[in-house]
Amino acid sequence: MKYSKFYFLFFIFFSLEAFAQIDIDANTTVSGKKFKINITENKKTYKLILKIKEGESKDQNYWERMKFLGEKYLKLYSSSMSSKPAMSAMKRMERIIDRNTIYSVYKIRIKKENYTDYDSLIKLVKISGKKILREEQNRNRIVLDGTTVKVKIRNHKNLVFLYCQSPNKDSHPEISSLITKTLDVFREKKLISADKSKFSGY
C-alpha cells in the first residue's frame with residue numbers, strides 16, 4: 001500500500017515537472033469555423049500559437065479528390081464507422097483538408113509568473129489526462145451540430161488523445177477553460193477580436 005502511494009505521488013510530481021505540449025483543434029461544421037491552438041511549455045514560459053481558418057483552396061483537383069475520398073469514406077462508414085479502413089480514410093481526408101486550408105497565424109510567448117492561474121490550469125490538465133472527459137457524467141449528453149474539439153497532450157513520454165463535442169463549463173470545464181483562457185491571452189494583447197462568436201463562443 002505504501003509503495004502504491006509512493007509511486008502515485010512520484011507520478012504526480014514527475015508529470016508536473018515534465019514540460020507539456022498541448023494541441024487543440026476546434027471545428028464547427030455548420031458554420032465552417034475552425035481554429036487550432038498549440039501550447040508549448042518551457043521552464044519559465046508558454047509559447048502559444050493560434051491558427052484561424054480564413055478559407056480553403058479553390059484548386060479544382062483538390063475538390064475532386066475530396067469528393068472521391070468523401071464517397072469512399074461514407075461507404076466504409078456505413079459498414080463500420082470504427083473499422084481501420086474507415087478511420088484511415090478519415091485521417092487521410094483530415095490531412096489533405098488541413099494542407100489546403102488557409103490560416104491566419106498568431107504567436108505569443110508569456111511568462112508563467114504573470115499567468116499563475118493559467119499555469120495552474122495546464123498543470124491540472126497534464127495530470128488529469130482522460131479524466132477530464134468526465135465520461136460517466138456525459139454519458140447521455142447529446143449535442144447536435146456543435147463544435148468538435150480534439151485535444152492532444154504530450155507530457156514527456158505520455159501521449160493522450162481527447163475528443164469531445166462542444167465542451168462547456170458544465171460538461172468539460174477543464175477543456176472549455178483551457179480554450180477560453182488561451183484565446184483570452186490573445187484578446188488581452190489585442191491580436192484577435194473580442195467577439196467570442198467568431199470562436200464558437202469560446
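## Basis of the values

Because the model is predicted, local features need pLDDT of at least 70 and side-chain atom pairs count only at pLDDT 80 or more, whereas totals for chains, interfaces and linings use all residues. Residues are numbered from 1 along each chain as its sequence is written, and side-chain values use heavy atoms, with hydrogens and water left out.

## Aromatic pairs

The structure holds 2 aromatic pairs, where rings of Phe, Tyr and Trp (its six-membered ring) pair if their centres lie within 6.5 Å, and planes under 30 degrees apart count as stacked, over 60 as edge-to-face and the rest as tilted. One of them joins F35 and F199 in an edge-to-face arrangement, at 5.6 Å centre to centre and with 75° between the planes. F35 lies in strand β2 (residues 33–41) and F199 in the segment after α5 (173–188), so this pair ties together parts that are 164 residues apart in sequence; helices (H or I, at least four residues) and strands (E, at least two) are DSSP runs, numbered from the N terminus. F35 is buried at 2% relative accessibility, and F199 is buried at 4%, with buried meaning under 20% relative accessible area, exposed over 50% and partly exposed in between (1.4 Å probe, protein chains only).

Y46 and Y118 form an edge-to-face pair, because their ring centres are 5.8 Å apart and their planes stand at 85°. Y46 belongs to strand β3 (residues 45–56) and Y118 to helix α4 (residues 116–128), so the pair ties together parts that are 72 residues apart in sequence. Y46 counts as buried at 0% relative accessibility, and Y118 counts as buried at 4%.

## Charges over rings

The ring of Y46 also has the charged end of K112 over it, 5.2 Å from the ring centre, a relation that requires NZ of Lys or CZ of Arg to be within 6 Å of the ring centre and within 35 degrees of the ring normal. The charged end of K51 sits over the ring of Y103, at 4.8 Å from the centre of that ring.

## Salt bridges

Side chains of opposite charge can pair when their charged atoms come close. A search of the whole structure finds 9 salt bridges, each being a side-chain nitrogen of Lys or Arg within 4 Å of a carboxyl oxygen of Asp or Glu. Among them is the bridge between K36 and D98, whose closest N and O atoms are 3.6 Å apart; this pair links distant parts of the chain, with K36 in strand β2 and D98 in helix α3 (residues 84–99), 62 residues apart. K36 counts as buried at 14% relative accessibility, whereas D98 is partly exposed at 25%. D25, K36 and D98 are linked in a network of salt bridges.

R134 forms a salt bridge with E174, the closest N and O atoms being 2.5 Å apart. R134 lies in the loop between α4 and β5 and E174 lies in helix α5, so the pair ties together parts that are 40 residues apart in sequence. R134 is partly exposed, at 29% relative accessible area, while E174 counts as buried at 12%. A further salt bridge joins the side chains of K53 and E56 at 3.2 Å, N to O; K53 is partly exposed at 24%, and E56 is partly exposed at 24%.

## Helix α4

The 13 residues of α4 should span 18 Å at 1.5 Å a residue, which agrees with the 18 Å between its end C-alpha atoms; the expected span is 1.5 Å times one less than the number of residues. An α-helix has 3.6 residues a turn, so residues three or four places apart point the same way. The buried residues of α4 are Y118, D119, L121, I122, V125, K126 and S128. Just after α4, G129 takes a positive phi of about 55°.

T182 has its place in helix α5 and is buried, with a relative accessible area of 0%. A polar atom of the T182 side chain lies 2.7 Å from the backbone oxygen of L178. Leaving aside neighbours within four places in sequence, T182 is in contact (heavy atoms within 4.5 Å) with I37, I39, L48 and Y118.

K152 is found in strand β5 (residues 147–155) and is partly exposed, with a relative accessible area of 28%. Leaving aside its neighbours within four places in sequence, K152 is in contact with Q21, I22, D23, L159, V160 and F161. The C-alpha atoms of K152 and D23 are separated by 5.1 Å, although these residues are 129 residues apart along the chain.

Notes. A polar contact is a pair of N or O atoms within 3.5 Å; within protein, one must be able to donate a hydrogen and the other to accept it, and residues adjacent in sequence count only if both atoms are side-chain atoms.
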